[in-house]
Amino acid sequence: VLNMRALNRVTAFKEVVWGYCNAGMLEPLLTIAGSEQVTSHQLLVNLFQLAGLFSWLYLIYDAFDISDVQQEFSYRKMDSSKVSW
């Protein structure tokens with residue numbers, strides 16, 4: 001049974017988190033592009049901040065992608081000759 005109230009809460013949470021992620025990724029880009037006198041220190045800090053956000057997003061994406069390790073292990077053990085398709 002699908003609980004629509006819970007699905008709505010999860011969808012709203014996802015939208016808020018993606019909004020914050022997008023704002024976090026946009027901030028260093030705007031700082032780099034908007035400043036006329038960018039020092040090498042400022043550029044380096046903003047590039048590291050952007051790289052950190054990208055690595056964090058990759059870890060989150062990797063944790064919730066569809067290639068579940070347990071599921072893959074279970075299907076790999078299954079003998080396909082015994083299954084009638």
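At 9% relative accessibility, Asn46 counts as buried, where buried means under 20% relative accessible area, exposed means over 50% and partly exposed lies in between (1.4 Å probe, protein chains only). Asn46 is found in helix H2. The C-alpha atom of Asn46 is separated by 9.8 Å from that of Leu30, and the two residues are 16 apart along the chain.

A word on the source: this is a predicted model, in which local features need pLDDT of at least 70 and side-chain atom pairs count only at pLDDT 80 or more, while totals for chains, interfaces and linings use all residues. Residues are numbered from 1 along each chain as its sequence is written, and side-chain values use heavy atoms, with hydrogens and water left out.

Now to the fold. The protein chain has 3 helices and 0 strands, in the order α-α-α from the N terminus on; helices (H or I, at least four residues) and strands (E, at least two) are DSSP runs, numbered from the N terminus. Of its 85 residues, 7% count as buried. The accessible surface comes to about 7800 Å², and 65% of that belongs to carbon and sulfur atoms; such areas come from the Shrake-Rupley method with a 1.4 Å probe.

Next, the largest pocket, with about 180 Å³ of space. A pocket is an open set of points on a 1 Å grid over the protein atoms alone, where a 1.4 Å probe fits, with protein on both sides within 12 Å along at least five of seven lines; lining residues have an atom within 4 Å of a point. Val10, Phe13, Lys14, Val17, Trp18, Cys21, Trp56, Leu57 and Ile60 form the lining. H1 gives the most, with 6 residues, and both H1 and helix H2 (40-63) supply at least two. By class, the lining has 8 nonpolar, no polar and 1 charged residues.

Lys14, one of the lining residues, also meets Glu15 in a salt bridge (2.8 Å, N to O). A salt bridge is a side-chain nitrogen of Lys or Arg within 4 Å of a carboxyl oxygen of Asp or Glu, and a search of the whole structure finds 1.

Leu2 lies in the segment before helix H1 (4-34). With Met4 and Leu7, Leu2 makes a nonpolar surface patch of about 320 Å²; residues in such a patch have over 30% relative accessible area and no salt bridge, and their nonpolar side chains are joined within 5 Å.

Here are some accessibility values side by side.

| Residue | Relative accessibility | Class |
|---|---|---|
| Lys14 | 38% | partly exposed |
| Glu15 | 46% | partly exposed |
| Leu2 | 58% | exposed |
| Asn46 | 9% | buried |

Methods. Patch = residues over 30% accessible without salt bridge, like charges linked within 9 Å, V, L, I, M, F, W, Y side chains within 5 Å. Points joined across faces, edges and corners; volume = space filled by probe spheres on them. Nonpolar A, V, L, I, M, F, W, Y, C, P; charged D, E, K, R; others polar.
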